[in-house]
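Please look through the structure shown here.

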Amino acid sequence: MSSRGRKKAAVHQRLKQLRSVTNSTAVNKTSIIVDASRYIEELKEKVERLNQEIGTSSQNNPLPMQVTVETLEKGFLINVFLEKNCPGLLVSILETFEELGLDVLDARVSCEENFQLEAIGGENQDNAEGIDAQMVKQAVLQAISKWSGNSGQN
């Protein structure tokens, strides 16, 4: 195959890939490129919207915090840190664990100058549906958000 033939085949292959990635039904080069261009613009708009949502949610929740959840062999290691004392937050988080079907197997809590919680939660036997670390993290973040809304912390 000549050099020109290989280049043509490579361009054809890349256009097929571009068509596939952008879900284009176009058949000629120009239309495929136009579809790809539109697809890129749509992605840019999505990124902009997501960045605006992130900006809005961080403005709604000005508490500097960190929430991490790691999967253990039989449960989760949950760490919550907020840079201020948060009366009543522990109750909200424990209620969330209960709603998720997590039993607290071990926990350390500090509520003096800031709020720190390190807990090991295991799924209780009644909880037939499996939960994952992301579900636990989202539930804890919702509990914090709900607590901050109820306690006038915004």
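In this protein, 54% of the contacts between residues at least 6 apart in sequence join residues at least 24 apart, a contact being heavy atoms within 4.5 Å. The model is predicted: local features need pLDDT of at least 70 and side-chain atom pairs count only at pLDDT 80 or more, while totals for chains, interfaces and linings use all residues. Residues are numbered from 1 along each chain as its sequence is written, and side-chain values use heavy atoms, with hydrogens and water left out.

The protein has four helices and four strands, where helices (H or I, at least four residues) and strands (E, at least two) are DSSP runs numbered from the N terminus. Read from the N terminus on, the order of elements is α-α-β-β-α-β-β-α. Of the 154 residues, 26% are buried; buried means under 20% relative accessible area, exposed over 50% and partly exposed in between, with a 1.4 Å probe and protein chains only.

Helix H1 has 19 residues, which at 1.5 Å a residue should span 27 Å, and its end C-alpha atoms are 27 Å apart, in agreement. The expected span is 1.5 Å times one less than the number of residues. After H1 comes Asn23, with a positive phi near 55 degrees, although Asn23 is not a glycine. Asn23 lies in the loop between helix H1 (3-21) and helix H2 (29-60). Asn23 counts as exposed because its relative accessibility is 65%.

Two packed helices are described by the angle between their axes and the distance between the axes. The axes of helix H3 (residues 89-100) and helix H4 (residues 133-150) come within 9 Å and cross at roughly 140 degrees. Axes here are lines fitted to C-alpha atoms, for helices over the stretch in contact, and angles run from 0 to 180 degrees between N-to-C directions. H3 and H4 are therefore oblique to each other: angles under 35 degrees count as roughly parallel, over 145 as roughly antiparallel, 65 to 115 as roughly perpendicular and the rest as oblique. The contact involves Leu89, Ser92, Ile93, Thr96, Phe97 and Leu100 on H3, and Val136, Ala139, Val140, Ala143, Ile144 and Trp147 on H4.

The structure holds zero disulfides, a disulfide being a pair of cysteine sulfur atoms within 2.5 Å. Cys86 is in no disulfide, and the nearest cysteine sulfur, that of Cys111, is 8.0 Å away. Cys86 counts as buried because its relative accessibility is 2%, whereas Cys111 is partly exposed at 33%.
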